[in-house]
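Good morning, everyone, and thank you for making the time. Please have a look at the model on the screen before I go through it.

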Amino acid sequence: MMPSWLYRQPTEIRFGCGIRQELGGVAASLGKRTVLVTDRTLVKQDTTLEVIHHLGGNTPVFSDIEPNPTVHSVDLLAGVIRQEGSDVVVALGGGSSLDCAKAAASIALQGTPARAYHSEGKTLDARHLPVITIPTTAGTGSEVTPIAVLDDPEKSIKAPLVHDNFFPKVALVDPELTVTMPKFVTACTGLDALAHAVEGYWSRNHQPICDLMAREAAGLVFRHLPSALADGGDLGAREGMSLAALLGGLAFQLPKNAAVHACSFPLSNRYHLAHGLACAMTLDWFIRFNTPVLGGRGLALARAAGFNDLDAMADAVATLKRQALLPLRLSEAGAKIEEVDSLVEASFHPLMKNNPREVTASDLRSLYLEIM
Ligand code: ZN
C-alpha cells in the first residue's frame with residue numbers, strides 16, 4: 001500500500017509568450033496600490049519599464065536586493081510596503097527578488113524584523129499581502145512555491161523560510177522574459193530546475209502528482225537546456241526551460257528537496273556560489289549515490305528523462321556542466337582541503353533527512369574530497 005499523501009497548489013498560473021501583458025488587469029483585480037520588486041541589474045532594463053507601464057506608469061520600485069537576498073533586504077522592502085501603503089506586491093526577476101518579495105509581503109504586516117522568523121524561530125501569523133510573481137530566469141520555481149531562501153550574514157545562516165503565506169497569488173510565466181539571460185545564469189538556474197525535479201522525485205515524502213511533474217520537468221531540462229545554452233534567443237528552448245522550472249517548482253514544493261539542496265546552503269554561504277551552481281556541484285554525485293536505493297522508480301525517472309539508466313543521466317549532468325563552462329571543483333571557488341570537515345558538519349541541514357539513502361559524514365567527506 002502507498003502511504004497517504006496530499007496535493008494542493010493555491011497559486012493561479014498563467015503561462016505563455018506575451019502573458020506579461022495581462023499584468024495590469026491581474027494587479028487591478030487584487031488591489032489598488034502596487035509596489036514593484038526587482039533587482040539592481042534588471043531595474044535598468046527595458047523589461048522593468050514595460051512592467052511599470054503595465055502597472056499604470058507610477059508604481060514605486062524597490063531594487064535594493066543582493067543576489068542571495070538577506071533578512072536586511074526583506075526588512076527594507078517591508079518598510080517600503082508600509083510607507084507606500086501597498087496592497088499588492090509584484091515581483092519581477094530571479095529567485096532573489098521573488099523570495100524577498102514573498103517574505104516581505106508577510107513581514108510588512110507583522111511588525112517584527114525578518115531575522116526573528118528566519119533565524120530565531122518566531123512564527124508568522126496569517127496576515128500577508130497578495131504577491132504576483134514574474135520570473136525572468138528559468139530555474140528556481142519560486143514563482144509557485146511557498147519558500148523564501150534568505151541569508152542572515154551576521155549569523156551565517158542561509159536557509160529557506162517556508163510559510164503558506166508565501167504562496168504567490170498569481171504567477172505570470174512569460175518565456176520571452178528569459179531570452180536575455182546570460183549563459184552562466186541559464187546554466188545555473190536550469191540545473192537548479194533539474195535538481196528540484198530529481199529531489200522532489202526521490203524525496204522520502206514523494207507522492208504521485210509531484211512525481212508526474214518531476215519526470216516531465218527532468219525530460220524538459222535535458223531536451224531544452226543544451227539549445228538554450230547554445231542559442232539564448234531560441235524561444236522554443238526558452239519556453240521548454242520556463243515550463244521545466246515551473247514544473248520543477250511544483251514537483252518539490254510539497255515533497256521538499258533533499259541532500260543536494262542541504263549541501264548547497266553551506267556551499268553558497270561560504271564560497272558565494274549562485275544557488276543553482278551550488279546544487280550543480282553535487283547533483284551528479286548524488287544521482288549515482290542514490291541509485292542503489294531507487295530501484296524501478298529511479299529507472300522510470302531516467303527513462304522519462306531520455307536515458308537508459310541513472311548512470312547515463314548523471315553523465316549527462318556532468319556534460320551539461322562542462323558545456324556551460326561551470327566550475328567543476330570547489331577549489332575554483334576558493335575552498336581548501338582543510339575546510340572539508342567543517343563543510344561536512346554544516347551540510348546536515350534538516351533536508352538531508354529527506355534523502356532516500358542515508359547520508360553519513362563519511363559519505364559527505366568522500367563527496368567533498370572528490371570535487372575539491
Ligand atoms: Zn533550488
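Is Ser 242 buried or exposed? Ser 242 counts as buried, because its relative accessibility is 4%, where buried means under 20% relative accessible area, exposed means over 50%, and partly exposed lies in between, with a 1.4 Å probe and protein chains only. Ser 242 and Ala 193 are 49 residues apart in sequence, with their C-alpha atoms 9.3 Å apart in space.

Before going further, a word on the basis of all this. This is a predicted model, in which local features need pLDDT of at least 70 and side-chain atom pairs count only at pLDDT 80 or more, while totals for chains, interfaces and linings use all residues. Residues are numbered from 1 along each chain as its sequence is written, and side-chain values use heavy atoms, with hydrogens and water left out.

Let me turn to the metal. The zinc ion is coordinated by Asp 192 through OD and by His 196, His 261 and His 275 through NE2, at 2.1 to 2.2 Å; donors here are N, O and S atoms within 2.8 Å of the metal (3.2 Å for Na, K and Ca), and water is not among the atoms, so sites may look incomplete. Along the chain, the donors of the zinc ion follow the spacing D-x3-H-x64-H-x13-H. Within that set, His 196 in helix α6 and His 261 in helix α9 form a pair that links distant parts of the chain, 65 residues apart, and both His 196 and His 261 are buried.

What are the angles among the four donor atoms of the zinc ion? They run from 86 to 165°, and the site is irregular. Four donors count as tetrahedral if all angles lie between 85 and 135 degrees; four count as square planar and six as octahedral if opposite donors are over 155 degrees apart and all others between 65 and 115; anything else is irregular.

Next comes the largest pocket, which holds about 1200 Å³ of space. On a 1 Å grid over the protein atoms alone, a pocket is an open set of points where a 1.4 Å probe fits, with protein on both sides within 12 Å along at least five of seven lines, and lining residues have an atom within 4 Å of a point. The lining of the largest pocket has 49 residues, of which Pro 67, Gly 94, Gly 95, Ser 96 and Thr 137 lie nearest its centre. Among the elements that give two or more residues to this lining are α4 (95-107), β6 (147-152) and α10 (275-304), and α6 gives the most, with six residues. At least three lining residues come from each of domain 1 (12-177) and domain 2 (182-371), with the domain bounds taken from an automatic or database domain assignment.

Finally, some individual positions. Leu 273, in the loop between α9 and α10, is buried because its relative accessible area is 5%, and its C-alpha atom is 9.4 Å from that of Asn 68, although the two are 205 residues apart in sequence. Phe 15 lies in strand β1, residues 12-15, and counts as partly exposed because its relative accessibility is 30%; Phe 15 and Leu 243 are 228 residues apart along the chain, with their C-alpha atoms separated by 8.4 Å.

Where does Lys 256 lie? Lys 256 is found in the loop between α8 (235-252) and α9, and has a positive phi of about 70° although it is not a glycine. Leu 325, in the loop between α11 (310-323) and α12 (340-346), has a positive phi of about 60° although it is not a glycine. Lys 256 is partly exposed at 27% relative accessible area, and Leu 325 is exposed at 72%.

Notes. Points joined across faces, edges and corners; volume = space filled by probe spheres on them. Helix = DSSP H or I, 4+ residues; strand = E, 2+ residues; numbered from the N terminus.
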